[in-house]
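Me: I have a structure here and some terms attached to it. I would like to know what each term rests on.

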Amino acid sequence: MSAKPAAIKRRPVKKTGGNTAAVIVAAGSSLRMGDGVKKQFLKVNGIPVLARTMQSFEECRLIGEIIVVAKEEDLLYVSDLAAEYHIRKLTAVVAGGDTRAASARCGFERISARAKYVAIHDGARCLVTPAEIEKVCRAAFRYKAASAATRVSDTVKLATRTAFVDSTLDRNHIYLAATPQIFSANLYRAALTNEAATANLTDDNQLMELLPHRVKLVECSKENIKITYPEDVSLAEFYLDRREGLR
């Protein structure tokens, strides 16, 4: 049996009325960002990406607790970051696994027994708003599974393996999946029982597809980008400035 992942525990927060636990996954290696600071710790308009992400969940009234999943060497830094930015709902910072799916599982294992729903979110999606989180939460309360998403506006081609056009897809039925992805905790727990089948999934909606259980797509702003490449930082700053009326 593998050893229990390292974690930093924090004192329990007072119950806020929210019955949804947020698992913020920030254990990636940032390989596409290049050398230097990991993407979750880059500053966007002076505030680290992960701090902005935590703030949005802190401010959402339906979120009762926050668990951050990070690299083991970053656990202390994440805990300090949460203290610096007054993230009072943080209950644990835990070490992630070798894959995104494994890291989400590590975070889910630390949610409290009172959490009825779990929101899985990419730590690098720092522009999500409390209102969008609440919107996806309310859809999950109704359908047991819901995901932030955006409609595509371009014409979408299905290609062959050698990059020739195979067919044109109906873009009216195509969405780009984003996060948060929010599920009934019991449903999510049931989906995790088949560990072999879920080991390499790239998003948590796929867990529901394996059950199978339908996921309600909730259209959110296209500003909810994932910081992946260096140019994404400039785009995020543009969006933030526009929100604040600076552009």
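Me: What makes residues in the lining of the second largest pocket nonpolar, polar or charged?
Reply: The residue type decides: Asp, Glu, Lys and Arg count as charged, and Ala is among the nonpolar types. In this predicted model, the lining divides into 8 nonpolar, 3 polar and 7 charged residues. Ala101, Ala102, Arg105, Glu195 and Ala199 are the closest to the pocket's centre, out of 18 lining residues. Ala101, Ala102 and Ala199 are therefore nonpolar, and Arg105 and Glu195 charged.

Me: Which elements give two or more residues to that lining?
Reply: Helix H3 (100–108) and helix H6 (195–198) do. The largest share, 5 residues, is from H3. The volume of the pocket is about 300 Å³.

Me: Why is the set with Leu50, Met54, Phe57, Ile63, Ile66 and Val68 called a nonpolar core?
Reply: A core takes buried residues, under 20% relative accessible area, joined through side-chain atoms within 4.5 Å. The largest such set has 37 residues, and those six have the most contacts inside it. Helix H4 (residues 130–143) supplies its largest share, 5 residues. Another core, of 25 residues, lies apart from it and includes Ala21, Cys106, Val118 and Ile120.

Definitions and conventions. Residues are numbered from 1 along each chain as its sequence is written. This is a predicted model: local features need pLDDT of at least 70, side-chain atom pairs count only at pLDDT 80 or more; totals for chains, interfaces and linings use all residues. Side-chain values use heavy atoms; hydrogens and water are left out. On a 1 Å grid over the protein atoms alone, a cavity is a set of points where a 1.4 Å probe fits but cannot get out, and a pocket is an open set with protein on both sides within 12 Å along at least five of seven lines; lining residues have an atom within 4 Å of a point. Grid points are joined across faces, edges and corners, and a volume is the space filled by probe spheres set on the points. Helices (H or I, at least four residues) and strands (E, at least two) are DSSP runs, numbered from the N terminus. Buried means under 20% relative accessible area, exposed over 50%, partly exposed in between (1.4 Å probe, protein chains only).
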